[in-house]
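Visitor: I am new to this structure and would like a close look at one part of it. Could you take me through the aromatic rings, and then through what surrounds them?

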Amino acid sequence: MKIALVCTSLGYSRRGFERFSLELFDCVKEELPITLFGCRSNGRPNEISLPCLKHDRFLRFLRGKTRDNYYFQQFSYALSFIPFVVWHEYDIVHCSEPAVCHFLFHAKRRFKFRYKVLFTDGLGLHPALG
């Protein structure tokens with residue numbers, strides 16, 4: 001079983017999701033086949049950095065639209081992540097960001113990918129809003 005732990009702002013921001021993901025990774029990396037995905041890697045083993053749009057840079061022009069800037073950051077990260085999860089045949093994808101999980105869930109259904117999405121409801125969202 002291979003596990004992908006995804007946090008779109010890891011290495012870029014220091015909020016709850018980032019801290020939780022890094023601490024979880026550090027706790028289980030010796031016992032489980034896990035890879036940590038973020039947007040900036042510390043160069044440690046089993047950490048991978050992927051590109052994405054940053055929510056506080058050129059996405060500022062999207063303010064006031066139906067989705068916030070952080071949504072677009074998550075969505076762009078999910079697009080970068082899909083090839084890794086499929087090519088490297090991860091069994092479980094764990095993440096705490098709703099847009100990433102939503103995208104991965106629908107990509108899995110649409111294209112019959114094998115991974116399972118484990119969403120840690122860190123935001124207290126109702127399932128219909130995720």
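Visitor: Are Phe37 and Tyr90 buried or exposed?

Guide: Both Phe37 and Tyr90 are buried, where buried means under 20% relative accessible area, exposed over 50%, and partly exposed in between, found with a 1.4 Å probe on protein chains only. Before we go on, please note that this is a predicted model, in which local features need pLDDT of at least 70 and side-chain atom pairs count only at pLDDT 80 or more, while totals for chains, interfaces and linings use all residues. Residues are numbered from 1 along each chain as its sequence is written, and side-chain values use heavy atoms, with hydrogens and water left out.

Let us start with the rings. A search of the whole structure gives 6 aromatic pairs. Rings of Phe, Tyr and Trp (its six-membered ring) pair if their centres lie within 6.5 Å; planes under 30 degrees apart are called stacked, over 60 edge-to-face, and the rest tilted. Phe37 and Phe81 make an edge-to-face pair, with 4.9 Å from centre to centre and 80° between the planes. This pair links distant parts of the chain, 44 residues apart: Phe37 belongs to strand 2 (residues 34-38) and Phe81 to helix 2 (residues 69-87). Those names come from DSSP runs, numbered from the N terminus: helices are H or I with at least four residues, and strands are E with at least two. Phe37 counts as buried because its relative accessibility is 0%, and Phe81 counts as buried because its value is 0%.

Phe37 has another partner, Tyr90, in an edge-to-face pair with 5.8 Å between centres and 80° between planes. Here too distant parts of the chain are linked, since Tyr90 lies in the loop between helix 2 and strand 4 (92-95), 53 residues from Phe37. Now step back to see the group: ring pairs join Phe37, Phe81, Phe84 and Tyr90 into a cluster.

Elsewhere, the charged end of Lys108 sits over the ring of Tyr115, 6.0 Å from its centre.

Next come the strands. Strand 4 runs parallel to strand 1 (residues 3-6), and 4 bridges join the two; strands pair if DSSP finds at least two bridges between them. Ile3 has Ile92 of strand 4 as its bridge partner. Strand 4 also pairs in the parallel sense with strand 5 (residues 116-119), over 4 bridges. There, Val93 stands opposite Val117 and His94 opposite Leu118. In a regular strand, side chains alternate between the two faces of the sheet.

Strand 4, helix 3 and strand 5 together make a right-handed β-α-β unit; a crossover is right-handed if, with the strands pointing away from the viewer, the path from the first strand over the helix to the second runs clockwise. Helix 3 (residues 98-111) has 14 residues that should span 20 Å at 1.5 Å a residue, and its end C-alpha atoms are 20 Å apart, which agrees; the expected span is 1.5 Å times one less than the number of residues. Among the buried residues of helix 3 are Val100, Phe103 and Leu104. After helix 3 comes Lys112, whose phi is positive, near 60°. Lys112 lies in the loop between helix 3 and strand 5, and counts as exposed because its relative accessibility is 68%.

The buried residues of helix 1 are Phe17, Glu18, Ser21, Phe25 and Val28. They cover an arc of only 125° around the axis, so they lie on the same side of helix 1; the arc is taken from the directions from the helix axis to the C-beta atoms. On the other side of helix 1, Arg19 and Cys27 are exposed.

Conventions
A charge sits over a ring if NZ of Lys or CZ of Arg is within 6 Å of the ring centre and within 35 degrees of the ring normal.
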